[in-house]
Amino acid sequence: MEKLRAKRGFICDMDGVIYHGNTLLDGVREFVDWLYKNDKKFLFLTNNSQKSPRELQQKLARMGLQVSEDVFYTSALATASFLKSQGASTVYAIGDAGLTNALYDVGITLNDVDPEYVVIGETENYNFESIKKATLLVNRGAKLIGTNSDLTTPTDRGEVPACKALVAPVEYATDRRAYFVGKPNPLMMRAAMERFHAQGIHSSDVAMIGDRMDTDIIAAMESGLDPVLVLSGVSSRETVKGFPFRPRLILSGVGDIPEKDV
């Protein structure tokens with residue numbers, strides 16, 4: 001724990017680490033207070049593509065947690081950055097405002113006739129018409145992109161389908177495999193780490209705190225970050241046994257990190 005507390009930078013997943021749905025998890029306020037008090041640099045990194053950084057800031061504010069907009073980085077932003085790097089100009093997007101706004105911000109327009117890419121992220125408006133449209137477009141030559149490879153995401157009502165589950169029908173219908181941009185893809189992790197590098201903080205001095213072995217912990221390990229699993233989300237101690245790699249620490253939640261007054 002002392003090794004963890006000595007880190008200068010912290011990358012934290014959000015769903016299952018900071019909140020479930022609209023419920024702030026126990027110990028999060030104390031953890032964020034500890035980060036600020038000890039001048040730690042931190043980034044909230046989420047595979048969920050639905051909300052923009054401003055919307056995430058406002059969501060936490062409604063829960064009573066005040067942080068700045070610039071501490072958020074989403075798979076929607078990473079996906080938009082990737083598509084721009086590929087020279088994309090048009091996409092058909094299945095997703096919410098966080099995804100469409102990120103695409104617009106890098107100059108990519110929406111097109112449901114002859115797009116270069118079909119991009120799928122989390123959304124509350126998933127339906128058969130959108131699946132059918134995406135299938136037809138991919139069969140005509142559009143490339144298939146998923147914002148992240150999470151199958152499920154934890155909410156205050158339990159786990160619900162996430163991006164990979166929404167992409168699967170289009171993959172099966174077209175016999176094409178999607179390219180997933182979010183964690184554990186190194187693209188997302190490199191973009192996050194660039195923010196720390198600008199402040200003189202390197203990967204050896206950064207911890208990655210997540211609730212998923214298959215995205216957060218493997219991303220941390222492959223990026224040279226200190227891998228810390230919390231049991232407040234998807235993965236359990238039993239889950240860990242099924243993987244050939246291990247987190248360095250397993251905590252009940254981020255509230256375990258601040259030193260307790262005695």
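Trainee: In this predicted model, which hand does the crossing have where helix 4 passes helix 5?

Mentor: Helix 4 passes helix 5 in a right-handed crossing.

Trainee: Which residues make the contact?

Mentor: With contact taken as heavy atoms within 4.5 Å, helix 4 contributes Ala 76, Leu 77, Ala 80 and Leu 83, while helix 5 contributes Gly 98, Leu 99, Ala 102 and Leu 103. Sorted by class, the contact of helix 4 with helix 5 has seven nonpolar residues, one polar residue and no charged residues.

Trainee: How should I read the largest pocket, and what is its volume?

Mentor: Begin with the space and then turn to the lining: the largest pocket holds about 550 Å³, and of the 23 residues that line it, Asn 48, Gln 50, Glu 124, Thr 155 and Val 160 are the closest to its centre. Helix 3 (53-62), strand 10 (152-155) and strand 11 (158-161) are the elements that give two or more residues to this lining, with the largest share, three residues, coming from strand 10. By class, the lining divides into seven nonpolar, eight polar and eight charged residues.

Trainee: What lines the second largest pocket?

Mentor: That pocket, with a volume of about 170 Å³, is lined by residues including Tyr 36, Phe 42, Asp 70, Arg 195 and Gln 199. Strand 4 (41-46) and helix 8 (186-197) each give two or more residues, and strand 4 supplies the largest share, three residues. The lining of the second largest pocket comprises five nonpolar, one polar and four charged residues.

Conventions:
Residues are numbered from 1 along each chain as its sequence is written. This is a predicted model: local features need pLDDT of at least 70, side-chain atom pairs count only at pLDDT 80 or more; totals for chains, interfaces and linings use all residues. Side-chain values use heavy atoms; hydrogens and water are left out. A crossing is left-handed if the near helix is turned anticlockwise from the far one by less than a right angle, and right-handed if clockwise. Helices (H or I, at least four residues) and strands (E, at least two) are DSSP runs, numbered from the N terminus. Ala, Val, Leu, Ile, Met, Phe, Trp, Tyr, Cys and Pro count as nonpolar, Asp, Glu, Lys and Arg as charged, and the others, Gly among them, as polar. On a 1 Å grid over the protein atoms alone, a cavity is a set of points where a 1.4 Å probe fits but cannot get out, and a pocket is an open set with protein on both sides within 12 Å along at least five of seven lines; lining residues have an atom within 4 Å of a point. Grid points are joined across faces, edges and corners, and a volume is the space filled by probe spheres set on the points.
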